[in-house]
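Here's a quick tour for anyone meeting this structure for the first time. Take a look at the sequence and the model, then read on.

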Amino acid sequence: MIRKLFPVIPLTLALTATSTALSADDPSEVLRELIDKTSAPYLMQSEQNIMMMEDSPALWTIEEGEALYRFPRGNNLVSLETCDFGKGPGVLEGAYVELPRYFEDTGKVMDLETRLVHCMKTLQGFTDKDKEIKKRHGSKSDHMKLQTYIASKSNGMPWNPPLDHPLEKAMRDAGEVMFYRRAGSHDFNCATCHGENSKRIRASVLPDIHTPEEWTKAISWPAFRVGHDNVRSSQHRARGCYWQMRQAGLVAGSDASIAILSFWTDAARGQPAIIPDMKR
């Protein structure tokens, strides 16, 4: 099944990247090529997860997401096929690795989740009260199915979030401040766990933001999280980190959440996205 879902990346798309894209046709091959290149402990820590990637439950989530993406829904009974995720209406290939980015029609920097909400409201006519908008997490949610399908169209492509607009740069810079700002009852910041090589929590090796080949796996969401038995998103991961640091809760879709995603995506610039990944 995985060969059907992940055809070889068109050469024209690979040539638009800021660095050399890996010739990947499935997420496990992207990961294996990174391991061959760096042998970083974080990449190799779970041989079982690597072996299971070709049969990841997230692949079914992608198929369900494609069906939802193409199906006319909402009060307006239209599909999402005309939604613009940054590369033009209906263009999904390579869109996710260039998010967050500034959108002229909203005047905001948006990540995948906030852009998806925008299109579900403006194109399809859903409202904030509808479960399709409200339920953001879990493999069975519309949100997770759609995000996983859309993001999978960037598998193997290099992260390349634009920094041309002043608001894109401002968001990235604000995210850097948030990453290194100590706060909360434990006086932690993101760098406490992700600022040095080969740190651990119990038996788990943690990714180092200064090692881009590790960091690309760290930010490769949506991913099937084995311990949760669900596919999870970037927004879910960011919120979990802030809870673990015992800092104030991160509100999904807030400017703060997009700022931290802007910074961590820029830190992996040029490295290939592994989507969908499989994590502990």
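## What it's built from

Helices here are DSSP runs of H or I with at least four residues, and strands are runs of E with at least two, numbered from the N terminus. Counted that way, the chain of this predicted model has 14 helices and seven strands.

## Overall shape

How does the radius of gyration fit a compact globule? For 280 residues, such a globule would come out near 19 Å, and the chain's 18 Å agrees with that. Along its principal axes, the C-alpha trace spans about 50 × 45 × 35 Å.

Of the 280 residues, 56% count as buried. Looking at contacts with a separation of 6 or more, 67% are between residues 24 or more positions apart.

## Surface and charge

The chain's accessible surface is about 12700 Å², with 54% of that belonging to carbon and sulfur atoms. There are 35 positive and 36 negative charges, and their mean positions lie 6 Å apart.

## The cysteines

You'll find one disulfide in the structure. It joins C83 and C119, whose sulfur atoms are 2.0 Å apart, and the link is right-handed, with 70° about the S-S bond. This pair ties together distant parts of the chain: C83 sits in the loop between α6 and β1, while C119 belongs to helix α7, 36 residues away. Both C83 and C119 are buried.

C190 is in no disulfide, as its nearest cysteine sulfur, that of C241, is 6.5 Å away. Is C190 buried or exposed? Its relative accessibility is 10%, so C190 counts as buried. C193 is in no disulfide either, with the sulfur of C241 nearest at 7.6 Å. At a relative accessible area of 22%, C193 is partly exposed.

Technical notes:
Residues are numbered from 1 along each chain as its sequence is written. This is a predicted model: local features need pLDDT of at least 70, side-chain atom pairs count only at pLDDT 80 or more; totals for chains, interfaces and linings use all residues. Side-chain values use heavy atoms; hydrogens and water are left out. The radius of gyration is taken over C-alpha atoms; the globule rule is 2.2 Å times the number of residues to the power 0.38. Buried means under 20% relative accessible area, exposed over 50%, partly exposed in between (1.4 Å probe, protein chains only). Contact means heavy atoms within 4.5 Å. Accessible areas come from the Shrake-Rupley method with a 1.4 Å probe; for residues, only the protein chains shown count as cover. Lys and Arg count as positive and Asp and Glu as negative; His and the chain ends are not counted. The place of a charge is taken as NZ of Lys, CZ of Arg, CG of Asp or CD of Glu. A disulfide is a pair of cysteine sulfur atoms within 2.5 Å.
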